[in-house]
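Here are a few friendly notes to read alongside the model. Please keep the structure open as you go through them.

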Amino acid sequence: MGSASFMKVDEVAQELGVSKSYAYKIVQKLNAELAEKGYVVISGRVNKQYFMERTCYGADKKER
């Protein structure tokens, strides 16, 4: 599994056009949802596929 399957906070901020501090809150929220479902999460990173599913911003974009 490569690092391409996870997004760092900087990438989340850039993708959504928000500040880095707000991106941290989004990553924490998404990771909390995943942890609640029983998945192992990595602090400061979010699963790219889950991020794309949960945000309307990723609905039209193809994987880069």
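1. The average pLDDT (the predictor's confidence in each residue, from 0 to 100) is 86 for this protein, and 83% of the residues score at least 70. Helices (H or I, at least four residues) and strands (E, at least two) are DSSP runs, numbered from the N terminus.

2. This is a predicted model: local features need pLDDT of at least 70, side-chain atom pairs count only at pLDDT 80 or more, and totals for chains, interfaces and linings use all residues. Residues are numbered from 1 along each chain as its sequence is written, and side-chain values use heavy atoms, without hydrogens or water.

3. Have a look at α2, which spans residues 20–36. Its 17 residues reach 24 Å from first C-alpha to last, close to the 24 Å expected at 1.5 Å a residue (1.5 Å times one less than the number of residues).

4. Which residues of α2 are buried? They are A23, I26, V27, L30, N31, E33 and L34 (buried means under 20% relative accessible area, exposed over 50%, partly exposed in between, with a 1.4 Å probe and protein chains only). They lie on the same side of α2 because they cover an arc of only 155° around the axis, taken from the directions from the helix axis to the C-beta atoms.

5. The face of α2 turned away from that buried side carries the exposed S21, K25, Q28 and E36.

6. Packing against the buried residues of α2 are α1 (9–16), β2 (45–47) and α3 (48–54); contact means heavy atoms within 4.5 Å.

7. Just after α2, G38 takes a positive phi of about 100°.
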